[in-house]
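Please keep the sequence and the model in view while reading.

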Amino acid sequence: MASLDELSDFLASVERRAFRQAQFALRDDEAALDVVQDAMMRLTEKYAHKPAAELPLLFQRILQNAVRDHHRRSKVRNLWVSLLSAFTSREDEDGDPLDTMELAAEHGASPTPHGEFEQIQTLALIEEEIQRLPARQREAFLMRYWEEMDIAETAAAMGCSEGSVKTHCSRATHTLAAALRAKGVTL
């Protein structure tokens, strides 16, 4: 059974990555924040009695289900709104809630302003290309390479076979590499 400190430490350690993952999936900062908060609440309410080692996999599963639930609700809501209203415009938000300069400082960024600028541009291109991936590829890619989950954990969290995870990850990495190469980015 996870102690309250272990649960709190786990939630603090995953909050930023979970937010970015939800943000990539939903493309809406406020909705992503709501989904992550709901997922954290569900984990705390229903699975606090589980061992600390099980929390990462449980949380990923809860988060992915919350994202899917949000998509379903949005689809129904948007159908009714479009039927009842001729005004369907949405404002795009350009801001990134994660301060990239703060993140760069935490991870030992390039010492020169030019190096920091290049790094910020490269990260923006990568994030842009991740958002363009199909949902299942993006989900598998983020779990495997961002959350550092193994294939079995990712398959369990996604509710698919290990072979599907490998296929999704392979396609995602090839797509990302080709898109970045086309923009002149070499990693």
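Helix α5 covers residues 113-132, which is 20 residues, and its first and last C-alpha atoms are 29 Å apart, close to the 28 Å expected at 1.5 Å a residue. The expected span of a helix is 1.5 Å times one less than its number of residues. Helices here are DSSP runs of H or I with at least four residues, strands are runs of E with at least two, and both are numbered from the N terminus.

The model is predicted, and local features need pLDDT of at least 70, side-chain atom pairs count only at pLDDT 80 or more, while totals for chains, interfaces and linings use all residues. Residues are numbered from 1 along each chain as its sequence is written, and side-chain values use heavy atoms, with hydrogens and water left out.

Which residues of α5 are buried? They are G115, E129 and I130. Buried means under 20% relative accessible area, exposed means over 50%, and partly exposed is in between, with a 1.4 Å probe and protein chains only. The buried residues of α5 pack against α1, α6 and α8 (162-182), where contact means heavy atoms within 4.5 Å.

Helix α2 takes in residues 29-47; at 1.5 Å a residue its 19 residues should span 27 Å, and the 26 Å between its end C-alpha atoms agrees with that. Its buried residues are D29, A31, A32, V35, V36, A39, M40 and L43. At the start of α2, the backbone nitrogen of E30 has a side-chain oxygen of D28 within 3.3 Å. R27 belongs to the loop between α1 (4-26) and α2, and the phi of R27 is near 60 degrees, a positive value in a residue other than glycine.

Leaving aside neighbours within four places in sequence, H70 is in contact with L26, A31 and V35. H70 counts as buried because its relative accessibility is 16%.

**Aromatic rings**

A pair of aromatic rings is described by the distance of the centres and the angle of the planes. Rings of Phe, Tyr and Trp (its six-membered ring) pair if their centres lie within 6.5 Å; planes under 30 degrees apart count as stacked, over 60 as edge-to-face and the rest as tilted. The structure holds three such pairs, and the table lists two of them.

| Pair | Class | Centre to centre | Angle between planes |
|---|---|---|---|
| F10 and F59 | edge-to-face | 5.9 Å | 85 degrees |
| F141 and Y145 | tilted | 5.2 Å | 55 degrees |

F10 lies in helix α1 and F59 in helix α3, so their pair ties together parts that are 49 residues apart in sequence. F10 and F59 are both buried. F141 and Y145, in contrast, both lie in helix α6, four residues apart, about one turn of the helix. F141 is buried at 15% relative accessibility, whereas Y145 is partly exposed at 43%.

Charges also sit over rings, meaning that NZ of Lys or CZ of Arg is within 6 Å of the ring centre and within 35 degrees of the ring normal. The charged end of R144 is over the ring of Y145, 5.6 Å from its centre. R20 lies over the face of F24, 5.0 Å from the ring centre.

**From α6 to α7**

E148 is in the loop between α6 (135-146) and α7. Its phi is near 55 degrees, which is positive in a residue other than glycine, and E148 is exposed at 68% relative accessibility. Is T154 buried or exposed? T154 is buried, with a relative accessible area of 0%. This residue lies in helix α7 (residues 151-158). Not counting residues up to four places away in sequence, T154 touches A140, M143, R144, M149 and V165.

**The whole chain**

The protein chain has eight helices and zero strands. Buried residues make up 32% of its 187 residues. Among contacts between residues at least 6 apart in sequence, 68% join residues at least 24 apart.

Definitions and conventions
A polar contact is a pair of N or O atoms within 3.5 Å; within protein, one must be able to donate a hydrogen and the other to accept it, and residues adjacent in sequence count only if both atoms are side-chain atoms.
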